[in-house]
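Thanks for making the time this morning.

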Amino acid sequence: MTTAGRTESRTLIQVFRTADEDIKALAGSTSGETVALFEFLMAICYASKTNAPVPEGWLDAVENRRPFDQAVKWLEDEPDESWDLFHATKPLGQNSLLAPFMIEHGVGPAQLVIEHVGDYNQFFDHHHLEHPHPLTAERAFRAMLTQHAYGLSGRARISGKATLGDTITNLATGRLGARVRVIALGATLGDTLRLNLAPASRRGTFNHTWTVSGLPRRDFKTKPDGRPVDGPADLHRVLGRSILLRPCTLANGQTGVDRVLVGAGELLAALPDSLVQDVVYKGTGDKAKPLTASPARALWREAHALYAAVADRGKRLDLYHRLATLSERQVSLWAVGLIANKTAPLSWLSDTFPYRPGREEELRHAAHTGSQLAEYVAASLGQAAYAAWKVAYPNPKPADKKLQIARFDARPEHWAATEQPFHILLDKVVAGSSVTESLQTYGSTLAAAATTFLERRLDSLPANARGFQARADALRTLASEFARQKAPDQLKPKEKRP
């Protein structure tokens, strides 16, 4: 995505040469694909020693916009065959050991695309895997990168006994498939890369292909132990799947992909903190776990955990520690996660949150309080719906209770409408506005909107005595919940506020 708002395709060398000139950001077809492309660029930066070797060099590189000349030179010096997606023995990002099995076991390219493949058994007859429509080479390449990073656990649609061994069918979750990835966004792609490149003297290996590498690769006869990562270049370019693409000629004469094989890839040992510097944890101590994407909770409801990572950074030399050293410069924190039902991917979840050094505690307080206010309003709407139900359905069947209450429950509208006021709250705080006043405005907005949403739900009641009574009880319940002593001050009527 250029700074002028156009979407263009560029070569890797062009990307690094113009990363600060007119490229604003990467533009994948999904947020997960965009992250996978960014990981690929990060691996190149580490492999080419573009990152600072010591922490003191990071700030200098960011503030002085150090160019990516080393990445350009490294790419120019690389042999062309090392970057050939369809090389016979060392295809880029793939496992050529699968080649003898392509004719008999290859399937349609839909299996390569996370959003299309479902849980690798989407339809009973697997018809979707045989869909003949090919992918363009560049689309297949981006889908492959996304698989390496985000592929979910499950059973591969490939015969283990007839190919490389039984364990090739056991797919492990990709390194980003079970957590939220956080990327600090700058004004340009170059700025974003520099912000996220961690200082490291040992960069590690760039994984061009499965069969040609100085790193030990697993076989598929037995389940291996996790392989230690030898540096950030290795991690950002890890081959999380064994993949092979079969080229074909498209109608327009360009090269495409019409058949693929996807099996188990590399297993990694536990990663040191130095290689997962963006991880946001929920909980403390032994109960702390990485933040994950959930279908039940939008990411903005977890923003306080993100700001806590910055505010509680302590002596850790991680991404958030480095961001705090920026001189009053605002950046954005982009959080991306994959929502899945066990082995089936459902959707991508992403959101962006503002950050400015020196405002960590204020942002954390605003995000935490804002989330609590939203939770309280939701609970109050639930109580109001129950009050309407008790009057509207005096003799309900137990089996119908849930659906009947849902008729008056305005919580879905509340959650959908609260995201924008929450982000406005954060924008005000990061700009220096009073946290107290901003939260008061936010609370008043939520309370007024909740009343409107409830009234719309109650409009379905009949215009009779019972309907009028149900409406009055529901609205009275909501108002009383906001006026209770334990209610947040930001939701209380003006005359009730201390």
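Let me begin with how angles are taken: axes are lines fitted to C-alpha atoms, for helices over the stretch in contact, and angles run from 0 to 180 degrees between N-to-C directions. Helices (H or I, at least four residues) and strands (E, at least two) are DSSP runs, numbered from the N terminus. Please keep in mind that this is a predicted model, in which local features need pLDDT of at least 70 and side-chain atom pairs count only at pLDDT 80 or more, while totals for chains, interfaces and linings use all residues. Residues are numbered from 1 along each chain as its sequence is written, and side-chain values use heavy atoms, with hydrogens and water left out.

With that settled, I will start with a pair of helices. The axes of helix H12 (residues 360-392) and helix H15 (residues 435-458) come within 10 Å of each other and cross at roughly 20°. That crossing makes H12 roughly parallel to H15, where angles under 35 degrees count as roughly parallel, over 145 as roughly antiparallel, 65 to 115 as roughly perpendicular and the rest as oblique. On the H12 side the contact (heavy atoms within 4.5 Å) includes Leu373, Val377 and Leu381, and on the H15 side it includes Leu439, Tyr442 and Leu446. What is the make-up of the residues in this contact of H12 with H15? They divide into 14 nonpolar, 4 polar and 1 charged, where Ala, Val, Leu, Ile, Met, Phe, Trp, Tyr, Cys and Pro count as nonpolar, Asp, Glu, Lys and Arg as charged, and the others, Gly among them, as polar.

Let me move on to the sheets. An open sheet of 3 strands has the order S4-S9-S10, with antiparallel pairing, and here two strands pair if DSSP finds at least two bridges between them. Its edge strands are S4 (181-185) and S10 (344-355), each of which pairs on one side only, and the twist from one strand to the next averages 20°.

Looking at the individual pairings, S4 and S9 run antiparallel and are joined by 5 bridges, with arginine 181 standing opposite valine 336 in S9. Strand S9 (residues 331-341) also pairs with S10 in the antiparallel sense, over 11 bridges. Along that pairing, leucine 333 has phenylalanine 353 of S10 as its bridge partner, and alanine 340 stands opposite proline 345 in S10. The hairpin of S9 and S10 has 2 residues between the strands, and lysine 342 takes a positive phi near 60° there.

Is S9 enclosed or open to the outside? 8 of the 11 residues of S9 are buried, so S9 is largely enclosed by the rest of the structure, where buried means under 20% relative accessible area, exposed over 50%, and partly exposed in between (1.4 Å probe, protein chains only).

Across this sheet lies a helix. Helix H8 (residues 189-196) lies across S4 and S9, running at about 125° to S4. H8 is mostly covered, with 8 of its 8 residues buried, among them Asp191 and Arg194. What covers these buried residues of H8 includes helix H1 (12-17), helix H2 (31-47), helix H3 (55-63), S4, helix H11 (319-323) and S9.

There is a second sheet to mention. In it, 3 strands form an open, antiparallel arrangement in the order S1-S6-S5. Strand S1 (135-136) and strand S5 (241-249) stand at the edges with a single partner strand each, so one side of each is left without a neighbour in the sheet. S5 and strand S6 (residues 255-264) run antiparallel and are joined by 9 bridges, and serine 242 has glycine 263 in S6 as its bridge partner.

I will close with some loop residues. Aspartate 278 lies in the loop between S6 and strand S7 (281-282), and at 6% relative accessibility aspartate 278 counts as buried. Not counting residues up to four places away in sequence, aspartate 278 touches Arg179, Val180, Arg181, Val182, Leu319 and Tyr320. Arginine 65, in the loop between H3 and helix H4 (69-77), has a positive phi of about 50° although it is not a glycine, and it is partly exposed, with a relative accessible area of 45%.
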